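Visitor: I have a chain here and some questions about how it is put together. Can you walk me through it?

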Amino acid sequence: MVQRLSSRGVRLPLMRLSRILEQAGSSSGGACARFCSNAPFAAHKAKARLHGSIALTDSRLGNGFAKLCSGLPVAARTAASHLRTSAFDFGLRCARARFCSRPRDAVPPLGRPPPPASRRFALLIDGDVFGPAHWPVMIEALSARYDVASVHVFGAPGIDESPSWKSVLERLGVRYVPVPRLASGAKDPNDIAIAMHAVHTFMQGAGWSVALGVQDTDFVYLASFLGEQRCEVVILLPEGHALALAEAFRGAKAEVLRYAPKEENERARAPKLKVVLHASGESTLEPQDAGLVDPMVHNRANVIDALRTLGYMEDDTNPIVPAIAKLFHANRVGALTLWPLGFAMAEVAALLDRVGCSRLQANPGDLIFVFPKATANDSKATLTRYGSRVCAEIAKGGGPFMLKDAPTREVVRVFLERLGYLSAPFDEDVGEAIDVFAAVGKNQRSLQSLGLGALPKLSVHAASAGLHAALALPQSHGIWQLAPQDTALRGAFANKKLIRGVQAQAKEVFEAMEVYLKSEGLPVHRTYNKSLLEVQKHWAGADKYVRR
């Protein structure tokens with residue numbers, strides 16, 4: 001091409017263009033070699049840097065081409081444009097040559113060809129819902145199909161300094177976004193922050209897409225809005241969870257990408273126990289020796305349609321577990337294996353095939369489903385005994401149960417007693433019991449998602465009515481956390497010689513908490529649990545970690 005154009009007096013400019021192409025290719029290849037020399041990197045970070053180098057090469061070529069063409073005769077510009085069309089390919093070949101010349105063991109495995117720029121994703125994860133065990137699996141699942149250019153985790157300030165979070169954040173190269181928790185806020189601050197970052201990501205320009213690691217119906221609108229703006233949206237959910245929510249996201253034209261937790265990443269294995277809900281409304285934990293049933297193998301659409309027809313679900317966004325539990329309890333059709341979810345889906349599908357939707361009783365509207373959970377960790381002892389952390393949380397919570405709806409005072413008292421917030425003789429104040437209940441992590445987030453985050457500010461009568469509503473709403477999952485435990489406090493007080501030992505009577509510990517709160521200038525409360533919570537909050541503020 002250079003020889004053909006030389007007779008037209010443009011040989012010198014084209015020779016300059018050729019030198020620019022060679023320099024650009026060298027620059028791109030050098031960039032690839034530089035980041036490869038710093039191996040090992042996570043594959044998604046390596047790919048992101050490669051794409052950035054190539055994009056920089058293309059930009060430099062474009063600038064150089066524009067300057068040169070301004071001095072070329074019109075007749076030569078067409079031929080020169082063909083030369084520029086292959087310029088990027090030339091630079092890319094140079095980059096690949098340098099990239100592939102590195103020793104194989106120094107280059108992180110990419111696993112697939114670089115995706116087009118329009119598939120560049122920012123992954124935003126709700127840290128209140130999905131902890132460190134989920135992050136590497138989410139990144140791997142998304143990276144298998146798309147280019148993951150950035151990963152952000154949103155959560156409460158300070159939690160990223162805990163060892164279990166900090167090590168994973170550093171290992172994955174994930175950025176943590178601290179989201180302040182204001183006592184006066186009624187909405188989940190994480191949801192607001194994630195939505196703002198998602199829109200900001202989209203506004204960066206063409207080529208950016210959004211992936212969300214969330215489990216909240218509030219994001220269905222966000223997914224729909226971004227889709228209307230021609231922004232690709234991917235929702236990451238663990239396999240077998242949030243079936244109705246997944247349908248709602250698909251209805252908003254978002255792609256739902258399921259990921260399977262891996263033992264080496266999450267240390268989450270098959271549970272050793274299953275939850276059986278009996279016709280009486282009480283449940284038992286029984287050995288789980290059969291293989292897990294995948295809830296996706298059943299026609300979930302038919303199950304959801306039947307639950308909606310019978311009034312157990314208002315729409316596809318309502319949680320499915322409480323609906324199934326109420327269906328079985330209202331119809332007295334025998335015991336239900338409520339958890340793991342795959343068994344529940346299999347049994348309700350079999351019930352519908354056997355009896356038919358038309359012969360089942362509709363939702364009587366007077367049932368409350370409660371699924372208590374305690375806190376648990378991923379320790380070796382926990383996994384040996386229970387098989388998984390979730391199974392340990394359920395077992396320590398005592399198992400789910402059904403309540404018959406009744407006047408607010410009666411329902412709230414029974415509920416708080418069963419979860420350990422009300423008891424004699426040191427926890428008999430309903431107002432303080434509701435305050436503690438609403439301040440505990442999981443409960444606080446659940447109440448906020450239902451628009452009831454302001455319960456502690458209300459009178460005891462209004463707060464009781466709000467809690468009653470939270471228990472009865474079809475949007476509630478029924479999952480509530482038990483009262484905080486005093487194990488860590490007893491150990492700390494015993495070390496400080498404030499009590500005689502960790503086995504001290506509750507009265508002695510209660511009196512010691514009162515003395516300690518006064519000495520620290522903190523409020524003194526009427527109940528054991530409220531005093532315990534006050535001490536824990538004080539220690540957490542002083543960067544002394546106390547597990548609830």
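Guide: First, a cut-off: a residue counts as buried when its relative accessible area is under 20%, and as exposed when that area is over 50%. Also keep in mind that this is a predicted model.

Visitor: Is Ile-320 buried or exposed?

Guide: Ile-320 sits in helix α13. Its relative accessible area is 6%. The cut-off for burial is under 20%. Ile-320 is therefore buried.

Visitor: Which residues does Ile-320 contact, leaving aside neighbours within four places in sequence?

Guide: Met-345 lies 25 residues away in sequence, with a C-alpha to C-alpha distance of 9.3 Å from Ile-320. Contact is judged on heavy atoms within 4.5 Å. By that test the partners of Ile-320 are Val-303, Ile-304, Leu-307, Met-313, Leu-341 and Met-345.

Visitor: Which members of the largest nonpolar core touch the most other members?

Guide: Nonpolar side chains tend to be buried together in soluble globular proteins. In this chain the largest nonpolar core holds 40 residues. Elements giving two or more residues to this core include α12 (300–309), α13 (320–331) and α14 (341–355). The members touching the most others are Val-303, Leu-307, Ile-320, Ile-324 and Leu-327.

Visitor: How many residues are in the second, separate core?

Guide: This core includes Val-412, Ala-433, Leu-447 and Trp-480. Its residue count is 31.

Visitor: Is His-329 buried or exposed?

Guide: His-329 lies in helix α13. Beyond neighbours within four places in sequence, its contacts include His-278, Ser-280 and Met-402. The relative accessible area of His-329 is 11%, so the residue is buried.

Visitor: What covers the buried residues of α16?

Guide: The buried residues of α16 are Cys-391, Ala-392, Glu-393, Ile-394, Ala-395 and Gly-397. After the helix comes Gly-398, with a positive phi near 95 degrees. The cover over those buried residues includes β7, β8 (283–287), β9, β10, α15 (380–386) and α19 (441–449).

Visitor: How are α21 and α22 placed relative to each other?

Guide: Two packed helices are described by the angle and the distance between their axes. The axes of α21 (487–495) and α22 (506–519) come within 11 Å and cross at roughly 70 degrees. Angles of 65 to 115 degrees count as roughly perpendicular. The two helices, α21 and α22, are therefore roughly perpendicular.

Visitor: How many charged residues does the contact of α21 with α22 have?

Guide: From α21 come Leu-489, Arg-490 and Phe-493; they meet Ala-506, Val-509, Ala-512, Met-513 and Tyr-516 of α22. Seven residues in this contact are nonpolar and none is polar. The charged count is one.

Visitor: Is Lys-497 buried or exposed?

Guide: Lys-497 is in the loop between α21 and α22. Its phi is positive, about 65 degrees, although Lys-497 is not a glycine. With a relative accessible area of 72%, Lys-497 is exposed.

Visitor: What is the omega of the peptide bond from Trp-339 to Pro-340?

Guide: Pro-340 is in the loop between β9 and α14. The bond joining Trp-339 to Pro-340 is cis. Its omega is near 5 degrees.

Visitor: What share of the residues of the protein chain count as buried?

Guide: The chain has 23 helices and 12 strands. Its accessible surface is about 26500 Å², and 53% of that belongs to carbon and sulfur atoms. Of its 548 residues, the buried share is 48%.

How values were computed:
Residues numbered from 1 in each chain as written. Predicted model: local features only at pLDDT ≥ 70, side-chain atom pairs only at ≥ 80, totals over all residues. Heavy atoms only, no water. Axes fitted to C-alpha atoms, helices over the stretch in contact; angles between N-to-C directions. Helix = DSSP H or I, 4+ residues; strand = E, 2+ residues; numbered from the N terminus. Parallel < 35°, antiparallel > 145°, perpendicular 65-115°, else oblique. Nonpolar A, V, L, I, M, F, W, Y, C, P; charged D, E, K, R; others polar. Buried < 20%, exposed > 50% of the residue type's maximum accessible area, 1.4 Å probe, protein only. Areas by Shrake-Rupley, 256 points an atom, 1.4 Å probe, with all protein chains shown as cover. Core = buried A, V, L, I, M, F, W, Y, C linked by side-chain atoms within 4.5 Å.
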